[in-house]
Amino acid sequence: QLLLSSFRRALHNFDPRGELERLSYIYAVSSLVASCAMVASSSSASTAAVAAVNAVLSDMTLLHEWLSLHSRVSQPKLKSTVLCSLSQVMEPAMWKDEGMGTKNSTTRRPSDNIAIQLYQAFSQANNNRDSAELILASTKSPFVEERLGAYDILRALVSRGVCVRLLLLYDDGSGNGSGSSFLDWLLNHDLESTNEGKEAKYQVVDSMLSQNSDLLGGLLPARALRQLEEWRRKGPNFVTAIPWEMATE
């Protein structure tokens with residue numbers, strides 16, 4: 001607990017200047033939060049340890065400095081780092097699997113409660129804008145690195161049924177079909193043009209289907225679910241065919 005408290009105080013006293021220092025600061029805060037999330041999710045943690053951990057997880061000054069996108073509006077690399085680091089905290093196994101090339105089923109993950117707490121903190125750090133709105137806005141960024149960061153956090157979120165439900169609730173109300181809701185965005189293949197981005201978006205679809213097979217039938221329209229399953233079978237470059245009569249209108 002003493003080490004966590006000392007690290008937290010040091011971060012409060014650190015004033016990063018320049019991109020490299022800001023990148024280091026983001027990694028430092030996310031590492032602290034990840035450690036705290038693991039402790040708080042452990043059934044064997046002492047009462048004192050959980051109290052110290054909760055102090056970090058509820059420290060909105062620290063979380064704001066870590067998760068704010070508004071303060072980095074013209075810095076796509078920093079925005080991407082924020083999004084990637086949040087995904088690493090929520091789903092550490094996702095990153096370890098990629099680095100090792102194998103599935104690591106023993107990797108501990110934060111509880112759903114902590115994942116939701118971080119999802120809400122992301123909103124609070126960005127003027128209380130809906131977290132889904134923030135992430136989907138980054139998926140439409142002209143900078144591929146920012147889009148990839150957004151895909152990473154979406155992949156982490158859709159690995160949890162409780163987060164899938166939150167994402168599916170989001171709709172900006174425009175009804176224009178170009179990503180006004182999370183499902184609209186997910187089904188629209190035209191929103192990503194790069195091979196790297198298509199692969200990353202495909203991983204979002206694959207994770208959502210593989211991790212929530214028992215839930216999605218009750219959450220998604222049958223047609224949408226069939227489209228996603230077909231996409232998963234055919235790979236990242238699959239494009240939904242346009243009916244001949246529509247194509248000739």
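The protein chain has 15 helices and zero strands, where helices (H or I, at least four residues) and strands (E, at least two) are DSSP runs numbered from the N terminus. This is a predicted model, in which local features need pLDDT of at least 70 and side-chain atom pairs count only at pLDDT 80 or more, while totals for chains, interfaces and linings use all residues. Residues are numbered from 1 along each chain as its sequence is written, and side-chain values use heavy atoms, with hydrogens and water left out.

**Exercise 1. Helices α5 and α7**

Determine how α5 and α7 are oriented to each other, and which residues meet.

Step 1. Two packed helices are described by the angle between their axes and the distance between the axes. Axes are lines fitted to C-alpha atoms, for helices over the stretch in contact, and angles run from 0 to 180 degrees between N-to-C directions.

Step 2. Helix α5 (residues 76-90) packs against α7 at an angle of about 165°, with the axes 10 Å apart.

Step 3. Angles under 35 degrees count as roughly parallel, over 145 as roughly antiparallel, 65 to 115 as roughly perpendicular and the rest as oblique. The helices α5 and α7 are therefore roughly antiparallel to each other.

Step 4. Contact means heavy atoms within 4.5 Å. From α5, the residues L83, L86, V89 and M90 meet A115, L118, Y119 and F122 of α7.

Step 5. By class, this contact of α5 with α7 has eight nonpolar, no polar and no charged residues. Here Ala, Val, Leu, Ile, Met, Phe, Trp, Tyr, Cys and Pro count as nonpolar, Asp, Glu, Lys and Arg as charged, and the others, Gly among them, as polar.

**Exercise 2. Helices α9 and α12**

Step 1. The axes of α9 (residues 144-157) and α12 (residues 195-211) come within 9 Å and cross at roughly 10°.

Step 2. That angle makes α9 roughly parallel to α12.

Step 3. On the α9 side, L148, Y151, L154 and R155 make the contact; on the α12 side, E196, G197, A200, K201, Q203, V204 and S207 do.

Step 4. Sorted by class, the contact of α9 with α12 has five nonpolar, three polar and three charged residues.

**Exercise 3. Helix α11**

Step 1. Rings of Phe, Tyr and Trp (its six-membered ring) pair if their centres lie within 6.5 Å; planes under 30 degrees apart count as stacked, over 60 as edge-to-face and the rest as tilted. By this rule the count comes to three aromatic pairs.

Step 2. Y151, F182 and W185 form one aromatic cluster.

Step 3. L186 also lies in α11 and is buried, with a relative accessible area of 1%. Buried means under 20% relative accessible area, exposed over 50%, partly exposed in between (1.4 Å probe, protein chains only).
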